Amino acid sequence: MRVALADDEKELLEQVSAIVVGAGHEVETFLDGSALQRALQRETYDIVLLDWNMPGMTGPEVVSWASENMDTPPPFIVMTSRAAKEDVVHGLEAGAVDYIIKPESDEVIKARMEAAARRNETSKPDVHASYGKYSLDRKAKAITVDGEDVQVTSREFDLIDLFFQNFDRPLSRGYLLSKVWGGNADLETRTVDVHISRLRAKLKLEPANGFVISTVFGFGYRMDAYNDEPSDEE
């Protein structure tokens, strides 16, 4: 899971970062709301934890901006020392999925974070799935197009499978590297571009076949459907 964490208190930032990393997730930290808002325009995160009072933009302001400007905003958890009911309501109405009143134990922060991520996840994908002309066997990492087998590498399969599971969701190059290549720091985002170019050719991803991987300039890519809507079934 890829987590964004924003708080202007460095001590708390380090504490929560340790919780996230200790749970086996990646974390990117920010000291103000404006920096987080800019990052949301260029990167994809599975969950965002953010303080209420921050320089630049407050937590609720970032959440409201994301709700109004992002097609598929990640789940937001607002962390704050404010405990009044009206503040809780304000944070949730802005678009946050949860609210943590500081200070809170490491165990509770971890549990609330993972609960929010689970609510945002779709059910576990079936081993066999069909998306129009495309059929995937997730156990064998095999794919057919209109009934014909297409040879793809394990990485290529993981990449196209990720797009089908995140249909119509813009995915940043950094997010794709993290999910498919494990966030290998030695790899360049050009690696993603090369693999997507190969997939487009191998799988004939074009409007006539129902699906296209579109470039989201300055950000990454998105899987778009033409004609038929995608389905995922046994």
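What is the accessible surface of the protein chain, and what percentage of it belongs to carbon and sulfur atoms? The accessible surface comes to about 11800 Å², of which 46% belongs to carbon and sulfur atoms; accessible areas come from the Shrake-Rupley method with a 1.4 Å probe, and for residues only the protein chains shown count as cover.

The structure is a predicted model, in which local features need pLDDT of at least 70 and side-chain atom pairs count only at pLDDT 80 or more, while totals for chains, interfaces and linings use all residues. Residues are numbered from 1 along each chain as its sequence is written, and side-chain values use heavy atoms, with hydrogens and water left out.

**Figure 1. Overview of the protein chain.** The protein chain has eight helices and twelve strands. These elements are DSSP runs numbered from the N terminus (helices: H or I, at least four residues; strands: E, at least two). Of the 234 residues, 47% count as buried; buried means under 20% relative accessible area, exposed over 50%, and partly exposed in between (1.4 Å probe, protein chains only). Among contacts (heavy atoms within 4.5 Å) between residues at least 6 apart in sequence, 56% join residues at least 24 apart.

Figure 2. Four bridges connect β7 and β8 in the antiparallel sense, and tyrosine 134 has valine 145 in β8 as its bridge partner.

Figure 3. Arginine 138 is placed in the loop between β7 (134–137) and β8 (142–145). Arginine 138 counts as buried because its relative accessibility is 14%. Its side chain is joined to that of aspartate 161 by a polar contact of 2.9 Å. A polar contact is a pair of N or O atoms within 3.5 Å; within protein, one must be able to donate a hydrogen and the other to accept it, and residues adjacent in sequence count only if both atoms are side-chain atoms. Lysine 141 forms a salt bridge with aspartate 158, with the closest N and O atoms 3.0 Å apart. Lysine 141 lies in the loop between β7 and β8 and aspartate 158 in helix α6, so this pair ties together parts that are 17 residues apart in sequence. Lysine 141, at 32% relative accessibility, counts as partly exposed, and aspartate 158 counts as partly exposed at 25%.

**Figure 4. The three-stranded open sheet.** Here the order is β10-β12-β11, and the pairing is antiparallel. The edge strands, β10 (171–172) and β11 (211–216), each pair on one side only. Strand β12 (residues 220–225) pairs with β10 over two bridges in the antiparallel sense, and serine 172 has glycine 220 in β12 as its bridge partner. Helix α6 (residues 154–165) lies across β10, β11 and β12, at about 65° to β12.

Figure 5. Eight of the nine residues of helix α7 (residues 173–181) are buried, among them Tyr175, Leu176, Leu177 and Trp181. The cover over these buried residues includes β1 (2–6), β2 (26–30), α6, β10, α8 (190–202) and β12. Glycine 182, which follows α7, has a positive phi near 75°. Arginine 173 forms a salt bridge with aspartate 193, the closest N and O atoms being 2.9 Å apart. Aspartate 193 lies in helix α8 and arginine 173 in helix α7, so the pair ties together parts that are 20 residues apart in sequence. Both aspartate 193 and arginine 173 are buried.

**Figure 6. Further salt bridges.** A salt bridge is a side-chain nitrogen of Lys or Arg within 4 Å of a carboxyl oxygen of Asp or Glu, and by this rule the count comes to nine. In one of them, arginine 112 meets aspartate 98 with the closest N and O atoms 2.8 Å apart. Arginine 112 lies in helix α5 (residues 106–120) and aspartate 98 in strand β5 (residues 98–101), 14 residues apart. Arginine 112 is partly exposed, with a relative accessible area of 28%, whereas aspartate 98 counts as buried at 13%. A network of salt bridges links Arg2, Glu26 and Glu43.

Terms used. Pairing = 2+ DSSP bridges. Axes fitted to C-alpha atoms, helices over the stretch in contact; angles between N-to-C directions.
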